[in-house]
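Visitor: Hey, I'm new to this one. Can you walk me through it once it's on screen?

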Amino acid sequence: MNIKLNALCLGAVLALTPFLARPVLADEWNKKTEFQFSEAVQIPGKVLAPGKYIFQLVGNESDRNLVQVLSEDSNGTESLVATLMAVPDHISDTPDKPIIHFEERPAGTPEAIHSWFYPGENTGWDFIYPNEK
C-alpha cells in the first residue's frame, strides 16, 4: 500500500512539473523584468511617470533586439507603453539582479535609461535614442 501511494505521489509530481516550470522558462525567454521607479525616467521617445514597469523582449526568434515596455497599474493590469529598438550591450561582471544603467541628461530633465541587463547574463540591451540636433 505504501509503495503504491509513493508511486502515485511521484507520478503526480512528475505530471505537474512541466506546468510549474513554464513561468520560469517564459521569463528567461522574453527576459521579463519588473522595475519600480520613484521618479520620472526617459526611454526613447517617451517619459515614464513614477510607477511600476515591465521590460521584456518581443517574442520573435528572428529579432531579439525589440524591447517592449509595459506599465502595470495597482490592480496588476499591464498595458503597452512602447516597443523600442535596442542593440546588444555587454558588461564584464555578471549581475545577480536586474540592472539599469542611466545616461546623464541636462538638469531638470528625467534620467534616461541607457541599457538594461537581465540577471545572470553579461549581454543586455542598449536603447537607441535619436541624435540631438
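This is a predicted model: local features need pLDDT of at least 70, side-chain atom pairs count only at pLDDT 80 or more; totals for chains, interfaces and linings use all residues.

Visitor: Where in the chain do lysine 52 and glutamate 34 sit?

Guide: Lysine 52 is in strand 4 (residues 51-57) and glutamate 34 is in strand 1, so the pair links distant parts of the chain, 18 residues apart.

Visitor: Which residues are in a network with those two?

Guide: Glu34, Lys52 and Glu72 are linked together by salt bridges.

Visitor: Okay, and how many salt bridges are there in the whole structure?

Guide: A search of the whole structure turns up five. One of them joins glutamate 78 to lysine 32, with 3.4 Å between the closest N and O atoms.

Visitor: What does the pair of glutamate 78 and lysine 32 tie together?

Guide: Glutamate 78 belongs to strand 6, while lysine 32 is in the loop between helix 1 (2-30) and strand 1 (33-37), so the bridge ties together parts that are 46 residues apart in sequence. Glutamate 78 is partly exposed, at 36% relative accessible area, and lysine 32 is partly exposed too, at 28%.

Visitor: New topic: which residues form a nonpolar patch on the surface?

Guide: That would be Met85, Val87 and Ile128, with about 250 Å² of accessible area together.

Visitor: Where is methionine 85 placed?

Guide: Methionine 85 is in strand 6 (residues 78-90). With a relative accessibility of 45%, methionine 85 counts as partly exposed.

Notes. Residues are numbered from 1 along each chain as its sequence is written. Side-chain values use heavy atoms; hydrogens and water are left out. Patches are made of residues with over 30% relative accessible area and no salt bridge: like charges are joined within 9 Å, nonpolar side chains (Val, Leu, Ile, Met, Phe, Trp, Tyr) within 5 Å. Accessible areas come from the Shrake-Rupley method with a 1.4 Å probe; for residues, only the protein chains shown count as cover. A salt bridge is a side-chain nitrogen of Lys or Arg within 4 Å of a carboxyl oxygen of Asp or Glu. Helices (H or I, at least four residues) and strands (E, at least two) are DSSP runs, numbered from the N terminus. Buried means under 20% relative accessible area, exposed over 50%, partly exposed in between (1.4 Å probe, protein chains only).
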